[in-house]
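Hi,

Here's the structure I said I'd pass along. Have a look at it first, and my notes follow below.

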Amino acid sequence: MLAMACLILIVDLFVKDRKRTITFVLTQVTLVGAAIITFALSTGQILYTFSNMYVGDMMGDLLKLLLYLTVMVVLFYSRSYVFDRPEMAKGEFYTLTLFATLGMMVMISANHFLTVYIGIELLSLSLYAMVALNRDSIAATEAAMKYFVLGALASGLLLYGMSMIYGSTGTLEISAVAERLFNGQANKTILAFGVVFLVSGIAFKLGVVPFHMWIPDVYHGAPTAVTLFIASAPKLAAFAIVIRMLVNGLIVASQDWQSMLLILSVLSMAVGNFAAIAQTNLKRMLAYSAISHMGFMLLGMITGVVGGDARYALNAYSSSMFYVITYVLTSAGTFGMILLLARSGFESEEISDFAGLNKRSPWFAAVMMMMMFSMAGVPFFVGFFAKFSVLQAVVAAGYLWLAIAAVFFSLVGAYYYLRIVKVMYFDPPISTSRIVAPLDMKILMSANGLAVALLGIFPQTLMSLCAFSLLRSL
Amino acid sequence: MSGMPLLSLAIWVPILTGLFVLATGSDRNAPLARMLALLGAVAGLLVTIPLYIDFDVTTSTMQFVELSPWIPRFNINYHLGVDGISMLFVMLNSFITIIVVLAGWQVIDNKVAQYNASFLIMSGLLNGIFASLDGMLFYIFFEASLIPLYLIIGVWGGPRRVYAAFKFFLFTLMGSLLFLVSLIYLFVQSGGSFSILDWHQMPIARVPQMWIFLAFLVAFAVKVPMWPVHTWLPDAHVEAPTGGSIVLAAIALKLGAYGFLRFSLPIAPDASQELSGLIVGLSLIAIVYIGLVALVQEDMKKLVAYSSIAHMGFVTLGFFMFSALGLEGALVQMVSHGFIAGAMFYCIGVMYDRVHSRQIVDYGGVVNTMPKFAAFFMLFAMANAGLPATSGFVGEFMVILAAVKYNFWVAFAAATTMIVGAAYTLWMYKRVVFGAVGNHHVAELTDINSREFLVLALLAIGALGMGLYPQPFTEVMHSSVNELLRHIAVSKIL
């Protein structure tokens with residue numbers, strides 16, 4: 001079933017024409033096809049295939065469907081941006097996107113540490129190339145280089161961690177690792193070291209402090225279309241591997257990785273939010289905001305098991321999942337807005353480029369405002385419920401001080417989101433030119449904004465879906 | 001009892017009209033936007049009138065209750081209802097919305113649709129706050145109402161509007177985030193309920209009660225505002241457009257006080273008793289010190305803003321003496337302050353629209369050119385100073401009476417406001433209105449037109465009516481207040 005999806009992807013890659021629109025349409029068709037297959041083959045049962053290298057379960061299916069949706073939205077948003085820039089308007093953009101998507105699919109349904117690794121590498125290598133797609137840009141090249149060097153290091157850490165886990169348990173199959181750990185057939189010392197390296201590797205992929213150095217540079221340096229991609233879909237996959245490796249595989253060692261993630265989480269919220277205040281470049285600001293959001297998401301991961309009691313696990317992990325999904329939705333919308341305002345030769349990535357947007361287009365200013373308030377966690381927008389559900393998991397687990405710290409950093413975060421709203425609404429416009437964007441993009445952008453608002457009023461469905469899919473998968 | 005979901009109507013009629021107003025778009029359709037907004041505001045008031053007519057004064061239970069599940073995953077319900085305390089504020093708010101729409105009728109000529117829509121949406125959200133019986137629903141309305149006010153101050157405000165808007169937003173958010181954590185804590189402790197009424201009955205040990213009370217205190221003290229977290233208010237008032245100031249003074253400040261009644265007192269009664277000294281102290285500082293601060297202001301709006309803080313000090317003082325007289329006095333004071341402070345800000349707005357200055361020195365002898373206006377202004381200034389026969393007197397007098405029973409020196413300190421309040425209000429009035437015509441701006445003033453007359457007359461009816469015959473206001477609150485006091489007197493510590 002999953003193999004079919006992969007096969008179609010790969011076949012399509014070779015069929016691909018150099019004609020740009022055809023490529024675009026083909027890519028979208030591929031994604032729709034993959035979505036249909038995933039949906040049709042979704043049984044709600046936990047199935048292992050490829051000699052237990054892969055697992056198919058409801059969480060994976062849900063995440064994959066959302067992944068396709070996100071990638072499709074990303075491609076719609078970036079279409080005119082890519083077409084306006086000859087250096088990017090090549091088949092590679094779409095080919096690499098599909099490869100990266102494949103990598104993420106592998107990550108989402110991996111049941112073997114090596115499968116996880118293959119997925120990550122497939123994703124990362126595609127992303128390195130995508131960041132450098134505009135090869136004449138010094139910033140982009142530098143970002144790609146930095147990303148590559150640090151990414152390779154992180155991959156090394158991850159592999160090293162995996163090898164230690166192998167040394168400790170004698171297997172790399174995630175479900176088997178869990179079983180052996182549960183039966184106590186493992187060397188605890190080596191396992192602890194393995195977990196440390198593993199968490200470091202994951203932290204790099206998530207982009208949390210202190211493994212966050214690449215995020216601002218890559219977000220800033222990469223072409224906005226690529227940033228949009230990096231800032232949205234891979235977060236879903238990163239969440240999936242956290243669940244797969246740490247929860248499915250190493251739940252017995254939860255004490256170890258929870259305390260590590262706790263530190264990472266608090267540091268991320270602190271560094272992310274405070275550093276974001278100082279930024280004048282919107283992409284860079286959003287990069288720091290991404291760091292803080294990932295930190296917030298991790299709060300849910302560290303409150304699953306309290307003192308060996310896994311009663312709250314489902315509640316906590318589904319909160320995190322909900323948080324990631326809403327973050328991806330909002331983040332895609334925000335970067336989409338940058339793309340919407342960009343024209344050929346004009347990037348619209350400085351915060352001041354949004355000045356007086358309300359004068360130029362009240363509707364899109366309102367959409368952007370919804371995104372910002374959602375990120376800041378102000379109701380009635382979906383970001384509030386994301387924060388709320390994670391916070392209630394934290395309080396339920398008894399970490400009251402952590403909840404207070406989290407809301408303090410949210411307060412700091414509110415400042416820079418408000419600043420965007422201020423620039424759009426209170427400042428005079430810098431240009432009076434009308435917004436030129438294709439109709440499909442405008443419609444999709446509006447839909448994205450409305451989704452943020454409507455999910456904020458009716459969050460129940462998505463919340464239950466997260467909880468239900470995790471319940472069936474864990 | 002009609003079967004209509006009156007409270008839902010009170011919330012959603014203004015919000016939906018607001019969205020329609022927003023849809024009228026550019027300033028070319030400004031007259032349409034204004035008419036639609038007025039229509040929405042009047043409709044919003046009309047749907048609240050049955051709330052008063054059908055209100056049962058003999059019971060303290062919630063009335064007009066609506067309950068339907070909203071987010072079952074966290075047991076959050078769309079749970080509305082009013083008692084004798086909150087019903088008055090729903091009505092006051094709906095009434096003030098009309099005033100605000102009228103106040104911005106000619107003055108606002110920039111982004112008219114957005115301006116009116118912001119006020120209507122905010123009006124609905126504020127009604128939602130007063131009518132919520134679900135903690136999370138309350139919080140959501142509470143936070144969401146920040147957005148329109150932030151935009152109102154920031155878009156249509158004065159020169160330092162950005163600073164004021166940020167200060168307003170961040171101060172309030174700081175308080176409400178701690179409030180959120182305590183709500184979640186209560187949710188977890190109560191075994192998964194967000195119902196405020198459940199929380200009222202839930203026993204809580206002493207130490208958690210203290211923490212809950214303090215967290216609530218931060219949230220509500222910022223909103224009231226109490227000394228020393230009051231500093232955002234003068235900035236916000238000075239920079240906000242007239243309509244923004246009116247809503248801020250008349251309704252938004254009441255949210256904090258209302259929060260004390262709905263959350264702090266009934267949920268943490270033991271902590272309230274134990275820490276009442278703190279609140280009484282802070283209230284007295286607000287009354288005396290802020291009153292003195294008001295005396296030296298040169299900006300009229302700032303002066304009224306500080307006087308609002310002092311008046312709100314009376315409200316919190318009345319709450320924490322735990323007597324029926326004090327509580328009812330405080331509630332009367334809240335409603336009356338809604339009329340009077342709203343009117344004061346409107347009067348200043350009327351002068352500002354003509355002269356474009358709020359400085360007292362820029363005026364003098366206004367009575368010569370604007371006699372009708374001067375008469376109204378006189379009435380409201382007197383009411384602000386607490387003259388008998390105006391609503392300002394009733395509330396203050398009841399609170400002072402209660403204070404005498406509580407502690408003579410507290411009453412003594414509170415009573416000084418009668419002198420200080422009269423001093424700063426009337427001194428300002430004298431400098432602005434009386435005397436010879438100060439300068440050519442004042443000489444060119446034109447008296448109020450019929451629209452302005454209507455607004456002032458409506459507010460004057462409110463202020464005078466409540467002063468001469470407070471019975472209709474106090475009778476609805478009796479049973480709720482008594483029930484609240486009975487509830488507080490019982491310890492919740494197991």
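Asn75(B) is partly exposed, because 17 other C-beta atoms lie within 10 Å, while a residue needs 20 or more to be buried and 12 or fewer to be exposed. You'll find Asn75(B) in the loop between strand 1 (63–71) and strand 2 (76–82) of chain B. Its phi is positive, about 55 degrees, even though Asn75(B) is not a glycine. Most residues other than glycine have a negative phi. Keep in mind that this is a predicted model.

Phe322(B) is another non-glycine with a positive phi, about 55 degrees. Phe322(B) sits in the loop between helix 15 (300–319) and helix 16 (324–355) of chain B. With 19 other C-beta atoms within 10 Å, Phe322(B) is partly exposed.

Next, the peptide bonds. Most of them are trans, but Val224(B) and Pro225(B) are joined by a cis one, with omega about -15 degrees. Trp227(B) and Pro228(B) are also linked by a cis peptide bond, with omega about 5 degrees. Where are the prolines? Pro225(B) lies in the loop between helix 10 (206–223) and helix 11 (232–239) of chain B, and Pro228(B) is in the loop between helix 10 and helix 11 of chain B too.

Finally, how the chains meet: 27 residues of chain B are in contact with 25 residues of chain A. On chain B's side, helix 6 (135–144), helix 7 (146–156) and helix 8 (161–189) each supply at least two residues. Helix 8 of chain B gives the largest share, 15 residues. By class, that side of chain B has 23 nonpolar, 1 polar and 3 charged residues.

Cheers

Conventions:
Residues numbered from 1 in each chain as written. Chains lettered and ligands numbered in written order. Predicted model: local features only at pLDDT ≥ 70, side-chain atom pairs only at ≥ 80, totals over all residues. Contact = placed C-beta atoms within 7 Å. Helix = DSSP H or I, 4+ residues; strand = E, 2+ residues; numbered from the N terminus. Nonpolar A, V, L, I, M, F, W, Y, C, P; charged D, E, K, R; others polar.
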